[in-house]
Amino acid sequence: MGMQTRALVSAEWLANMLKRNLAGPRLRILDTSWYLPSMKRDGKKEFAQTHIPGASFFDIDECADRTSRFDHMLPSEELFADYVGDLGIGNDSHVVVYDASDFGAFTCSRVWWMFRLFGHPQVSVLNGGFRNWVKEGHPVEGTYTRPEPARFTATTKHRSSWVKSFEDITKNITAQEFQVVDVRPYARFRGKEPEPREGVQPGHIPGSRCMPFFSFVDNDGMMLSTEELKKFFEKSKVDLNKPICGSCGSGVTACHLVLAAHLCGAPEEASVYDGSWYEWFTKAPPEHVVSEAESRL
């Protein structure tokens, strides 16, 4: 499908591919489910019980820089290539990602973004996720056969601007070269509700705006239409024609912002602050932690 790969595919489309026995080296399906401890769910265990036929499990904690003190930070090109190659994904594979969250999409946009970052644009998000797949009555299975390994070459060449560091965000407070958009719930952004990670207080980066990630989907977990997304950006005072950087708790749901901007036809690819609020709160001086909470931990 090359550069024309759609960012979103429907459950009906994927079901038709399975009916035609097209799942395989040229079409790989990945369950990317991951949950915060407070959600009391285990994506890997749930995958072992039920998943879309032919799917493999993509663990964002395994395909990550495990030397980092922060959660699921980006892996090296070599690690990513080895990891996805072991799942039978080659450079000619069309990859479809989904998760089984109640939101319809929670972690899948992170993996969609990772593939694109590492030079593989042939990747799509299953609109509505596993939740909608089951609702529409499509088949599931509980058995897993590991695919034959494939050779995958990864490169982030020409895409270094897609990832922002702590230093980049710090500099931007004064330089204002890009818009920082936080997709955590508004109460956490303001500092009114607790963060899910122990020792991390809620709040936000100076000058950032809030667009909660679950607002990009409707009540059925389906992505909003392009026109609805554009209105949401406009209402949130985020200019799609200017550089945008997504942030969240640990760089996962921030990728919903990238997907939404992409669907809106933004002229420049949105970037992601990989360390996000977890790193920011840990490293930033008190004056750069904006919060309505009474005191900093």
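I looked up Thr32 first: at 0% relative accessibility, Thr32 counts as buried (under 20% relative accessible area, 1.4 Å probe, protein chains only). The model is predicted, local features need pLDDT of at least 70, side-chain atom pairs count only at pLDDT 80 or more, and totals for chains, interfaces and linings use all residues. Residues are numbered from 1 along each chain as its sequence is written, and side-chain values use heavy atoms, with hydrogens and water left out.

I then placed Thr32 in the loop between strand E2 (27-31) and helix H2 (43-49); helices (H or I, at least four residues) and strands (E, at least two) are DSSP runs numbered from the N terminus. A polar atom of the Thr32 side chain lies 3.3 Å from the backbone nitrogen of Cys108.

Next I checked for cavities, meaning sets of points on a 1 Å grid over the protein atoms alone where a 1.4 Å probe fits but cannot get out. I found one cavity of 30 Å³ or more. The largest cavity has a volume of about 60 Å³, taken as the space filled by probe spheres set on the points. Of its 14 lining residues, Leu8, Ala105, Val125, Met223 and Leu259 are the closest to its centre; lining residues have an atom within 4 Å of a point. Domain 1 (8-136) and domain 2 (160-288) both contribute to this lining, so the cavity lies between them; the bounds come from an automatic or database domain assignment.

Last, I read the UniProt record, an unreviewed entry, which places "domain: Rhodanese" at residues 23-142 and 174-289; such annotations may be inferred rather than shown by experiment.

Conventions:
On a 1 Å grid over the protein atoms alone, a cavity is a set of points where a 1.4 Å probe fits but cannot get out, and a pocket is an open set with protein on both sides within 12 Å along at least five of seven lines; lining residues have an atom within 4 Å of a point. Buried means under 20% relative accessible area, exposed over 50%, partly exposed in between (1.4 Å probe, protein chains only). A polar contact is a pair of N or O atoms within 3.5 Å; within protein, one must be able to donate a hydrogen and the other to accept it, and residues adjacent in sequence count only if both atoms are side-chain atoms.
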